[in-house]
Amino acid sequence: MACRSIHFPAIVSWLSFVAGVCHTERSAAQGQDVPAIGHALKQEKRDVENVEGERSESGLLPIERALHAIQRRAAGDHALKHLADEPIVPINYAFLGGKPIDYRRAISAPTDDQIEIPTKGDAASIRLPGSVSVHIEVIRQGVDGEVLSGRYNGAVTWKTDNPHVFVKLFWCSKDPDVPDRLLAIVREELGREGLRLLPMQKLDWPAATTAERLSQLLPPDGLPPVAPGPDVEVAPPQAPARDFASPYDVVARHNQAVAKEDWEAYARCLTPASQGVVIREVLFLAATGGKKCPELIKSIEKHLKFKLIDASDFPGAFVQSKEAQKFLESLAMQPDEDSEAADARLCEIFRRRVGDVPAFLADCFRQLPGPPEGYGKPIECEGVRIEGDKASGYLIDRPPAPDTKEAEKRGVLRYLPRYFPIRFRRIGGSWLVAFAYEQRQ
């Protein structure tokens with residue numbers, strides 16, 4: 001989802017941060033902070049040396065010993081066996097005193113899978129060979145979490161109990177148990193070297209995709225049951241949104257509204273926080289579109305009942321009248337407020353100002369050639385799991401079939417079905433869509 005938050009005080013904080021960085025760089029250039037920097041570098045060197053531990057008689061690092069053990073274990077697995085035949089690939093990122101301080105050791109191998117990808121205009125299919133990879137990285141500053149899932153492929157990153165060591169797993173296979181079996185081996189062999197895998201981030205939703213589950217280190221039987229999908233197409237509700245008795249009910253209504261371009265009904269399928277996200281996107285389009293979407297600006301100001309955006313400026317500037325300034329400041333994220341709470345609060349601020357938020361959004365959508373990018377699209381989802389008043393599943397994105405030359409030029413992997421998270425909340429007895437928007441290319 002293209003989520004652009006309008007947090008105006010953050011601009012001041014950003015400028016202050018940039019000014020602080022520039023001051024630090026000038027001071028270092030003038031020699032004022034050199035001792036502090038030198039001390040920090042020496043400490044980083046000691047930290048990395050502690051990561052490495054004692055080398056074996058063969059000169060191997062602990063992470064290299066773990067990879068060799070993973071290879072020996074993989075040799076007995078019918079899908080992972082080729083890992084035993086591949087070399088451990090060393091990559092060094094940074095050096096200190098002639099010694100690598102940021103580096104990666106990795107093993108990758110093909111599997112015997114052949115995944116078919118249909119092509120357009122050709123009866124034949126492209127066959128994508130399967131593969132598995134394990135990367136272990138020693139990084140001083142940490143790495144971003146990675147949780148990607150598809151029908152056949154995925155990737156997960158884990159922290160370890162050593163703050164400088166990170167583990168990544170990649171797979172592409174028709175065997176759905178491949179990532180579980182590989183993770184079990186990796187986890188055990190790293191444990192023998194004193195490294196324990198930790199979740200990269202704790203999801204506040206039921207895990208639905210394989211990658212989400214693995215990121216939490218949950219076994220398959222540690223999940224809540226999958227909610228059964230509807231046997232027949234759900235009919236349009238004849239009553240308000242409280243009749244959405246299951247996540248699949250609200251998905252069906254969502255898709256009917258999108259097909260009819262009934263944007264008010266579409267917005268009523270969303271939680272207040274999701275409506276707040278759409279409001280932010282509408283404001284962003286109005287402010288940056290300026291002269292390109294004057295009717296959108298007029299529509300927003302009609303509902304707010306005061307002038308907000310100066311269309312004579314390009315890109316459009318928010319008008320800093322006292323009323324507009326006070327309103328904009330009320331939209332800023334508060335200290336210790338997470339993004340979902342901030343978006344729900346923004347929706348409530350608009351509700352008090354404009355009355356009916358879905359009707360407001362529908363009026364704004366009508367001033368655009370179509371819904372904002374990433375919004376107002378039909379949803380195909382499966383694997384919905386329910387825990388209390390929260391549910392999670394995966395949205396299936398099916399790339400269009402390529403022709404053979406296009407697939408060879410752009411890479412076959414991009415044409416595999418992809419999964420994106422979709423979340424639901426039960427509010428007032430009704431299930432609503434909490435998150436189902438991703439930028440899909």
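"Buried" here means under 20% relative accessible area. Keep that in mind for these close-ups of a predicted model.

**View 1. Helix H6 is mostly covered.** Eleven of the 13 residues of H6 are buried: Pro247, Tyr248, Asp249, Val250, Val251, Ala252, Arg253, His254, Gln256, Ala257 and Val258. What do they pack against? Their partners are helix H7 (263-267) plus strands E10 (381-387), E11 (390-397), E12 (418-427) and E13 (430-435). After H6 comes glutamate 261, with a positive phi near 55°.

**View 2. Helices H10 and H11 cross at roughly 145°.** The axes of H10 (residues 322-330) and H11 (residues 339-354) come within 10 Å. H10 brings Glu323, Phe327 and Ser330 to the contact, while H11 brings Arg345, Ile349, Phe350 and Arg353. That makes three nonpolar, one polar and three charged residues. Look for the salt bridge between arginine 353 and glutamate 323, at 3.1 Å from N to O. Those two are 30 residues apart in the chain. Arginine 353 is partly exposed at 30%, and so is glutamate 323 at 41%.

**View 3. Arginine 268 forms a salt bridge with glutamate 264 and another with aspartate 356.** The closest N and O atoms are 2.7 Å apart for glutamate 264, and the N to O distance is 2.6 Å for aspartate 356. Aspartate 356, in the loop between H11 and H12, is 88 residues from arginine 268, in the loop between H7 and H8. Buried or partly exposed, which is arginine 268? It's partly exposed, at 34% relative accessible area.

Technical notes
Residues are numbered from 1 along each chain as its sequence is written. This is a predicted model: local features need pLDDT of at least 70, side-chain atom pairs count only at pLDDT 80 or more; totals for chains, interfaces and linings use all residues. Side-chain values use heavy atoms; hydrogens and water are left out. Buried means under 20% relative accessible area, exposed over 50%, partly exposed in between (1.4 Å probe, protein chains only). Helices (H or I, at least four residues) and strands (E, at least two) are DSSP runs, numbered from the N terminus. Contact means heavy atoms within 4.5 Å. Axes are lines fitted to C-alpha atoms, for helices over the stretch in contact, and angles run from 0 to 180 degrees between N-to-C directions. Ala, Val, Leu, Ile, Met, Phe, Trp, Tyr, Cys and Pro count as nonpolar, Asp, Glu, Lys and Arg as charged, and the others, Gly among them, as polar. A salt bridge is a side-chain nitrogen of Lys or Arg within 4 Å of a carboxyl oxygen of Asp or Glu.
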